[in-house]
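Please have the viewer ready and follow along.

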Amino acid sequence: MEALETFVVESPVPEEGDAYKSIVADIITELVLGGAIGRIKVVVRPEESLYQMAIILRGSQPTVKVSDIGSVEAGNLAKKEVKISLTEEKYLPELLELLWARYGRAKVFQPERRTLIMNAEDTSAEIEFLKDMVVADPRRTLQSRLVEMAIRATPEGFRVRYHSMDKHKFVFVASEDALKPEWIQEANQMITELAEEK
């Protein structure tokens, strides 16, 4: 696991805090989140049935557009074709899903592995649209992995959960009982304190 700037686990029972720290570290490693997480603080208070986690991310990757993974140009002008030539295949499945949703599966042709052709009435406008079309959003993927990490690290039976993500900040609160608003406020305060650390 890549070294974190801050990694704190607090519990009224120090041995429990150490055990949870080990569990969280293992899950971070398993989900390959060490490079994304900069600072993390976890608070476990079993007597209150409370688990809180606050994370500051190191940074986020930008969205991936079609123009980032290939070129978009006019194909056969007589047939009003728009052609995408991919330089990177990594996002091909996601791109195909988007193109099928826009044009219909039968209207997206793939004559070669890295070439996609569609027909459009206004090819110029379609080319401009496709260049800017977002194929992948790493932030969304990261958020789902953070939620998975938080759920896996949560004590058994803590099924009432809350999470939020705002840019580089992730907050998670879980309990066996209904969540109290002050618990979420505490978790947001944890984020503020982590962000202010030097």
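Serine 49 sits in the loop between β2 and β3, where helices (H or I, at least four residues) and strands (E, at least two) are DSSP runs, numbered from the N terminus. Its phi is near 55 degrees, a positive value in a residue other than glycine. Serine 49 is buried, with a relative accessible area of 5%; buried means under 20% relative accessible area, exposed over 50%, and partly exposed in between (1.4 Å probe, protein chains only).

A word on the source. The model is predicted, so local features need pLDDT of at least 70 and side-chain atom pairs count only at pLDDT 80 or more, while totals for chains, interfaces and linings use all residues. Residues are numbered from 1 along each chain as its sequence is written, and side-chain values use heavy atoms, with hydrogens and water left out.

Back to the backbone: valine 32 also has a positive phi, about 50 degrees, although it is not a glycine. Valine 32 belongs to the loop between α1 and β2. With a relative accessible area of 63%, valine 32 is exposed, whereas serine 49 is buried.

Helix α5 covers residues 138-153, 16 residues in total. From its first C-alpha to its last it reaches 22 Å, close to the 22 Å expected at 1.5 Å a residue; the expected span is 1.5 Å times one less than the number of residues. Which residues of α5 are buried? They are Pro138, Leu142, Leu146, Val147, Met149, Ala150 and Ala153. An α-helix has 3.6 residues a turn, so residues three or four places apart point the same way. What covers the buried residues of α5 includes helix α1 (14-30) and the strands β2 (37-45), β3 (50-57), β9 (134-136), β10 (160-166) and β11 (169-175).

Helix α5 also contributes to the largest pocket: five residues, the largest share of its lining, come from α5. The pocket has a volume of about 270 Å³. For the method, a 1 Å grid is laid over the protein atoms alone, and a pocket is an open set of points where a 1.4 Å probe fits, with protein on both sides within 12 Å along at least five of seven lines; lining residues have an atom within 4 Å of a point. Grid points are joined across faces, edges and corners, and the volume is the space filled by probe spheres set on the points. The lining holds 14 residues, of which Gln61, Pro138, Thr141, Leu142 and Arg145 lie nearest the centre of the pocket. By type, the lining divides into six nonpolar, five polar and three charged residues. Here Ala, Val, Leu, Ile, Met, Phe, Trp, Tyr, Cys and Pro count as nonpolar, Asp, Glu, Lys and Arg as charged, and the others, Gly among them, as polar.

**Salt bridges**

How many salt bridges does the structure hold? There are 14, each with a side-chain nitrogen of Lys or Arg within 4 Å of a carboxyl oxygen of Asp or Glu.

| Pair | N to O distance |
|---|---|
| Lysine 41 and glutamate 10 | 3.5 Å |
| Arginine 152 and glutamate 30 | 2.2 Å |
| Arginine 113 and glutamate 89 | 2.5 Å |

The side chains of lysine 41 and glutamate 10 meet in a salt bridge. That pair links distant parts of the chain, with lysine 41 in strand β2 and glutamate 10 in strand β1 (residues 6-10), 31 residues apart. Lysine 41 is buried at 13% relative accessible area, while glutamate 10 is partly exposed at 38%.

Arginine 152 and glutamate 30 also meet in a salt bridge. This pair joins helix α5, which holds arginine 152, to helix α1, which holds glutamate 30, across 122 residues. Arginine 152 counts as partly exposed at 37% relative accessibility, and glutamate 30 as exposed at 51%.

Finally, Glu5, Arg39 and Arg58 are linked in a network of salt bridges.

**Helix α4**

Glutamate 126 lies in helix α4 and is buried, with a relative accessible area of 11%. Leaving aside neighbours within four places in sequence, glutamate 126 is in contact (heavy atoms within 4.5 Å) with Val82, Arg102, Tyr103 and Ala120. Phenylalanine 129 is found in helix α4 (residues 123-132) as well, and counts as partly exposed at 37% relative accessibility.
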